[in-house]
Amino acid sequence: MVQTVSAAEQKKSTMPEGLWTKCKKCEQIIFQKDLEENYMICSKCGYNFRLGFKKRIELMTDAKSFKEMFKGIVPVNFLDFPGYSEKMKSYPGLDDAIVAGEAKIGGNPVMLAVMDFEFMGGSMGSVVGEKIALAVEAAIEKKCPVIIVSASGGARMQEGIVSLMQMGKTSAALARLAKHKLPYISLLTDPTTGGVAASYAMLGDINIAEQDALIGFAGPRVIEQTIRQQLPDGFQLSEFLKRHGMVDMVIERKDLKNTLIKILNFFCKK
């Protein structure tokens, strides 16, 4: 028997992958190139797609100015957690949930650390804490500001207490930065929760949040179940936190780089 292929099926089989993306909020089908030109934001509903570290660095920094540092620092399976060693090896191009290095923004030198939610939900483990501490030490040596971009579900359970220790470690590192009177700018993206929100993400001299980012310690469902009350609309989203004084500003992605340049120009002149 000869099987025939319909014109629709033939067209589908020859259609290159990656041309279209479906918005997770309004379900609009978006041409990928248009999405990228619009800073990975849905033109219909304004939904901010999550960015990987490469795209984030590209949008924030001067062209080809980022130079990665502290490569080769990889997680260790301290607790012999089942499947953890194999899981860590399944993310090509990433040693862990953060990439750090030196860059320039508007010509201003900075130490930049960018979290990537794709690596185990951006969870904070020993490598994340170590790279942030090393980035801060490098900034003190170079006498330049620090910018950390947070995107995390919180501390990494596979590393147990070692992951929770990173809250104190990163906070202490940033305290040393403050003693040297060097600025720290924190960018909170969707989501920034758990131990990351309870430590370095909220310790910035200036805390900037992207639009509609979920920011908080425990998630809204956990809070509702605990206090047995209905939470306000938009609870724990960027705009809610701005109204209640938890972040300094909420910035559209297209305006982020120019805003950082203005802040850095002010600090660097000082």
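Where does Met-40 lie? Met-40 is found in the loop between helix H2 (32-37) and helix H3 (53-60).

## Basis of the report

The model is a predicted one, in which local features need pLDDT of at least 70 and side-chain atom pairs count only at pLDDT 80 or more, while totals for chains, interfaces and linings use all residues. Residues are numbered from 1 along each chain as its sequence is written, and side-chain values use heavy atoms, with hydrogens and water left out.

Helices (H or I, at least four residues) and strands (E, at least two) are DSSP runs numbered from the N terminus. Buried denotes under 20% relative accessible area, exposed over 50%, and partly exposed in between (1.4 Å probe, protein chains only).

## Backbone features

Met-40 has a phi near 60 degrees, a positive value in a residue other than glycine. With a relative accessible area of 13%, Met-40 is buried. Lys-64, in the loop between H3 and strand E3 (67-69), also has a phi near 60 degrees. Lys-64 counts as exposed, at 86% relative accessibility.

A cis peptide bond joins Asp-190 to Pro-191, with omega near -10 degrees. Pro-191 belongs to strand E7 (residues 184-193).

## Nonpolar cores

A nonpolar core is a set of buried Ala, Val, Leu, Ile, Met, Phe, Trp, Tyr and Cys residues joined through side-chain atoms within 4.5 Å. The largest has 64 residues, of which Met-111, Leu-112, Ile-147, Leu-177, Tyr-200 and Ile-208 touch the most other members. Helix H5 (residues 126-142) gives the most to this core, with eight residues. Apart from it lies another core of eight residues, among them Cys-23, Ile-30, Cys-42 and Leu-51.

Residues up to four places away in sequence aside, Leu-112 touches several others, including Ile-57, Phe-66, Val-99 and Ile-147; contact here means heavy atoms within 4.5 Å.

## Aromatic pairs

The structure holds five aromatic pairs. Rings of Phe, Tyr and Trp (its six-membered ring) pair if their centres lie within 6.5 Å; planes under 30 degrees apart count as stacked, over 60 as edge-to-face and the rest as tilted.

One of the pairs is formed by Tyr-47 and Phe-49, edge-to-face at 5.2 Å centre to centre and with 75 degrees between the planes. Both of these residues, Tyr-47 and Phe-49, are buried. Phe-266 and Phe-267 also form an edge-to-face pair, at 5.7 Å centre to centre and with 65 degrees between the planes. Phe-266 is partly exposed, with a relative accessible area of 48%, and Phe-267 counts as partly exposed at 25%.
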